[in-house]
Amino acid sequence: MSPHHFTDADYARIIMNYTPASVRAEVWADTEDFVRSVVRSLGIDAATTSRDTLRNILSAVAKLSAWVWTRYGAVSLETVFHPSIIGDYFESPETKPLSRTTVGTQRSLLMRIGEAVNPEWSADFQHPVTYEPALAAYGTRDIQRFTDWASSQPTSQRRENFHTVLSLTLGAGLRAGEICTLRAKDVCRDPFGIIVHPHGFRGAPRRAVPLHLLFHQHIDAVLEQRGFDDYIFRPGRTNENVGQLSAYLRRATLSTATAAPDARRLRNTWIKSRILSGVPEDVICAAAGLRSLAQFEEYVLEAGRSRAQNFRFMLQGGRSPTPPVCEVYGP
């Protein structure tokens with residue numbers, strides 16, 4: 001059992017005692033009751049939501065509410081959590097210093113909260129979907145270098161941690177934040193293999209992702225050393241901040257002269273491999289926690305050309321097509 005176990009009562013105290021550092025005291029005095037009421041209404045519990053996520057929600061709601069109060073002199077569920085208001089907020093000077101990634105994360109979070117708490121939220125409103133090309137997937141040689149790099153680390157704990165990152169990205173397509181929140185209780189076996197249940201990205205619920213067979217042995221070995229509530233990656237941590245994973249990778253011993261991998265590109269490598277292996281788009285989206293594969297259109301088209309060639313044999317009277325072959329680590 002992890003020594004850092006928090007209860008719903010602890011979370012209630014966090015909400016009650018929360019004070020945002022970036023909101024002026026006089027504005028906070030007029031909005032704090034509203035902010036706390038909104039966050040309480042979300043029914044956040046300690047079993048499924050990390051403290052970092054709770055604090056991120058409190059911060060996002062507090063900043064948006066302060067912005068609305070400053071401009072309109074009042075806050076309510078209908079006025080604060082409205083798609084147009086949230087959109088205007090992220091066009092304001094207050095949010096200009098934020099990176100595009102941060103803006104996307106916070107906007108999506110606030111939109112989800114709006115759907116949950118605003119009784120007048122339009123059911124026809126659709127979240128904006130980005131169509132920017134995805135970061136390039138890694139190739140076969142890169143994957144081998146990263147495997148050698150993980151094995152070359154100077155301590156057994158570091159070797160385990162880095163192989164765990166490779167297993168959860170290349171083997172299940174997890175995001176960096178999902179790796180940081182994943183605990184032993186989120187991984188289970190069924191008659192067909194290992195299922196990983198990532199959760200928490202922009203408030204998303206748990207989803208089920210079958211782990212690639214190549215990574216079963218490592219994850220089985222890791223699970224043998226973990227308690228029910230222990231983190232899979234770096235057990236014993238006291239927080240789940242997403243930045244800790246990239247920072248940890250950068251501190252690696254680069255004894256193989258290999259630059260540390262980008263967790264986003266590792267995840268995209270898994271997505272590409274599943275596309276080229278012929279897994280249907282809707283199945284990949286459900287496993288990856290995506291609305292569509294628009295960012296991966298190049299790979300979808302490549303897989304389509306491969307399938308067209310393979311299905312030629314069926315059109316000619318053959319019994320079945322030859323499945324496409326994934327260039328990274330097999331079907």
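Mentor: Contact means that heavy atoms lie within 4.5 Å. Please keep in mind that the model is predicted.

Trainee: What covers the buried residues of α10?

Mentor: The cover includes α8 (156-170), β1 (187-190) and β2 (193-196). The buried residues of α10, which spans residues 216-223, are H216, I219 and V222.

Trainee: What puts these residues on the same side of α10?

Mentor: They cover an arc of only 130° around the axis, and therefore they lie on the same side of α10. In general, an α-helix has 3.6 residues a turn, so residues three or four places apart point the same way.

Trainee: Why is T49 called buried?

Mentor: The relative accessible area of T49 is 17%. Buried means under 20%, so T49 is buried. T49 belongs to the loop between α2 (25-41) and α3 (51-72).

Trainee: Which residues does T49 touch, not counting those up to four places away in sequence?

Mentor: With that exclusion, T49 touches Y11, I44 and L54.

Trainee: Which residues have the most contacts inside the largest nonpolar core?

Mentor: They are L245, I271 and I275, in a core of 45 residues. Helix α12 (residues 263-276) gives the most to this core, namely six residues. Apart from this core lies another, of 35 residues, including I57, L58, I86 and F90.

Trainee: What does L245 touch, not counting residues up to four places away in sequence?

Mentor: On that count, L245 touches V165, A176, I179, C180, F233 and A263.

Notes. Residues numbered from 1 in each chain as written. Predicted model: local features only at pLDDT ≥ 70, side-chain atom pairs only at ≥ 80, totals over all residues. Heavy atoms only, no water. Buried < 20%, exposed > 50% of the residue type's maximum accessible area, 1.4 Å probe, protein only. Helix = DSSP H or I, 4+ residues; strand = E, 2+ residues; numbered from the N terminus. Arc of directions from axis to C-beta. Core = buried A, V, L, I, M, F, W, Y, C linked by side-chain atoms within 4.5 Å.
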